[in-house]
Amino acid sequence: VASISNQNKENIQNSNDNKDPNTNHPSSFPVLFELIGARNIPVDNMETYCVIQYGPRIIHRTKPFSPKISRASRITQALFMNRLFGGSEQDLLQRSLRDPIWTVQENSLLTFSISPSDLENKKALTITLWGRPRSRGGVAGGRRGGGRAKRHLQSIGKIRIQAPTILEECTEQRMELQLMNELGKPIVDDQDEPTMVAYRCRIASPADVAFVNNWNQTPRPKQWNDTDIIPEPELPRARLITEMPESEIQAMAPALINAIPPPSGHVRIKPYPDPRARPEGSRFISKESLKTQTILPSRNWVQAGSKPSSLGRLYIEILSAHDLPNVDIGAKVGNETDAFCAVVYGDAMTQTDVIFDELNPHWPCWSQRAFCFHMQHPSHVLYLAVFGYKRSPLQHRPIGRVEINPIHFQNHLTYNLDYDLCGSSHAMQRQAQGRIRIRLRIEMDDERKTLLAALRPPPTVYINTIHRKSMIVARYTACGEHDNQTRFSLQVLQGYVDEILEGYLRRILYGLQDGTRSLVLWRNQIHVGPIGFPLYSVLAFGMGIAILERPQLIPSMMCFALAMFFMQQMQSRMSCPSPWRRCCSFLQYLSILIGGGRSSRTMGRLFRPPHSTTISANEGAEEFEAQQQALRDRIAHDKEFIEKKEALAKQIEEIENSKVQTDSQPIPMEILLVLGKVQGIVGDVCRLCRLIDSIVTWEESHVAFWITLALLLLGMVFMIIPWGWLLKWTGRFFVILLLGPQNKLLDWWWYQNLPTDDQRIYQIFSARMFEARCRQEKTHKLKYFRHVLFGKYATWVPPLFWSPHQDFPLPSSTAHGGSSKVPPKENMNGFPYMPGQQLHGMLIPRPEAQWRRNVQESKDGKERAMTYYQAMIESQVAKLSTTTSTTMDVSRNGSSNILINPLSMHSQPSSLSRSRRESTTLEQEGLEILDLYDEEAGFVERLLYPEESTASQIINGED
């Protein structure tokens, strides 16, 4: 290991030299190489690893692949395989051992340098696959059994890649080569599937070389200097409350209990006194002054999220919470809830300070309560949750959470928002566990850029934490109480069923009833002041007449009808009395798209509702409550009618029942597996319904705008297409193609070469299995890489707003314009930074800015290498043509006994025939004998390059 480390340092030193000082040629080309994995290995119960040699030297050795499967996962998967396929836990383990995936945990990355002489001599990189026995406990060879395990090592096979081939394949694309044995024959498994080894490579940047050198050291250092991994390394790092030592957090709690009681009308300052005030006068504060200090602009900000791809900034301040339940024991002695708030947005999570022993906590302006998130995608949802802080071994107690869709808030407006804290967003019957008050402001750099960003799908986001308690906090904040249960639960399944029946089906039924009555009876759908007009009825009547007169307009009218449906949904939401239930209109989005970023604001104000710039408290609250009460009365009336109908039907069924036998319905144990699978399917259906509902109801208003605009454009395009002629000739083509006489020839050729059922199954699933394998490799690599950088506990963050219950601000919320109290973009660099956890790239995942910089350096390096390689080939071709002409002239003069060796183009060819001791010259000339010696194998293999000559001929100096 020490020798390999020293060789890596030599490679790094060589890679840092760009050009030879004596010549203008590059001295070496550093290459970043990754061993991805192998599949279809024909050995059982073996942990595999690779030994990599470049020329005669071993430059790297990976660690053995040892799959680590948790006990619960092994039992669950083995039970499922045994029920369906007759497999077992051992079959699952052997499948993992036969298809290993190497990550940075197994030291799958290495760097080496390709010199110009290596390209001329086609020096080879040899990868030998080895296997060692796996013990029953999952460890191959301990201290006592290491000698016995070493004697049982097995050489499986090897692959060789020449230096020019490596240089050409430096594209970061996945490559595969079939493993060969010592005799040069391809290796296959017991099902005649080829054994393949996958790899990828690219020209290494200096940061790549530094990272690999840092990672492959033993012992491994914990620093990442010069590796270009950590974003914004010059900024101070913010910390999560749940990741800090508990002694630091609890150090403030005893002082609050044992201190002098506050004077009448005053409260103790929490979480700590104002650092700018005097200690004597900052222990207590009046309740009015506390409220004043709460609404003041925040002093300490934390910026979070990935900066390079930011569309804008979302400023949020957690001001206060009210009427929280007591989740601590000992309320009579003053031991109450220790509240803190967690915020998740995009690829970052932040947390406020802990307010000890307070059911109505206020976060003053000097505490950690203000966060500036960088917006990555317009569909990202802002998640907030309030917890009760608990010391280990207890978990932090969740109190309630809120989901906020920022797309409905106007740009450059300040919002003071009140929300109810509910225990779960995924239960049909929710009960508030208190209230939270926040201050929100959105500043988008370019509104049109944000609108165009909605055309790309949101990225998959995970948040990793160091401690398990922090992971539970992040999971509850982002996913809620129900959707983070992967095992079967009757409550979860019942919640999904109620969501479909009581939520979506009921709304669809009510929408069809009301929409049909309004459309057919020509009721007023559009109101301009006090005047109403049945616009959609007029449009529907006109489209129906047009279809009857010209049937070829059916496709375009269908598109217009769907666009009209989306416009009607938008109009119904825009006409809501509560300003917090409205959305951005189609015309507003269209003005942003046409007018562009900042210039669109003036044009967009013409189409915005009059309440969008200023919203007062309780605006439209009474009218909205009247609408909600009418809806609740309608639902109650329908439920009462259905219950009466079911009761009468049950009475009639009991009268008609003529059975005498007693019913016995035992529940088998196998039903648990079936119900667990049904719960997963119903959950996926619910999530799909949530996504469709959020688009149709304009909750995801930017996506609904693009769909509506696309339907309108398609409708106009379809109007000019000659559908009659197109359908006639399309019908003729398909009739001739499907029913023509040429199918007789197809019968002769097709059914004679028809594959068997096994072949068809293999053809269908082989491509899918390969794609699944590639995704698994990428997932395993990224998973462990995130473990190293951010922590081993990961939480998936929903990328879209698909909660069954939408959290809207309470009527007491307000909005106003005017000057901003948040710090400008230029002044945010002095505040602590919580890095975003979104990574990009394949070989070494990095934050976006670092990834783009290193990829560009790699591309520039490859261009230089390929330019030099092409020049070298052209030079060799020119020399070869000159040598050939010289040989022909000599043969004409009668000197046919002289043979010109192409190898004589290199310097000092006579040294090869005179001495075997000049090994360095042999290596420079490409005529070295490669001693592939492995201590574990115990053999020496001699290889010679080029293959046209034998070792004895070169050593003895024969022509």
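**Helix pair and cores**

Reader: How do α15 and α20 cross, and at what angle?

Author: The axes of helix α15 (residues 554–574) and helix α20 (residues 701–719) come within 8 Å and cross at roughly 155 degrees. Axes are lines fitted to C-alpha atoms, for helices over the stretch in contact, with angles from 0 to 180 degrees between N-to-C directions. Helices are DSSP runs (H or I, at least four residues), numbered from the N terminus. This is a predicted model: local features need pLDDT of at least 70, side-chain atom pairs count only at pLDDT 80 or more, and totals for chains, interfaces and linings use all residues. Residues are numbered from 1 along each chain as its sequence is written, and side-chain values use heavy atoms, without hydrogens and water.

Reader: Roughly parallel or antiparallel?

Author: α15 and α20 are roughly antiparallel, because angles over 145 degrees count as that.

Reader: Which residues of α15 make the contact?

Author: Among them are Pro 555, Phe 560 and Phe 566. On α20, Leu 711 and Phe 718 are included. Contact means heavy atoms within 4.5 Å.

Reader: New topic. Which residues touch the most other members in the largest nonpolar core?

Author: Ile 316, Ile 318, Leu 384 and Ile 436, out of 54 residues. Such a core is a set of buried Ala, Val, Leu, Ile, Met, Phe, Trp, Tyr and Cys residues joined through side-chain atoms within 4.5 Å. Buried means under 20% relative accessible area (1.4 Å probe, protein chains only).

Reader: What else does Ile 318 contact, beyond four places in sequence?

Author: Its contacts include Trp 363, Arg 369 and Phe 371.

Reader: And α7, how many residues are buried?

Author: Eight of its 10, including Asp 208 and Trp 215.

Conventions
Helices (H or I, at least four residues) and strands (E, at least two) are DSSP runs, numbered from the N terminus. Angles under 35 degrees count as roughly parallel, over 145 as roughly antiparallel, 65 to 115 as roughly perpendicular and the rest as oblique. Buried means under 20% relative accessible area, exposed over 50%, partly exposed in between (1.4 Å probe, protein chains only).
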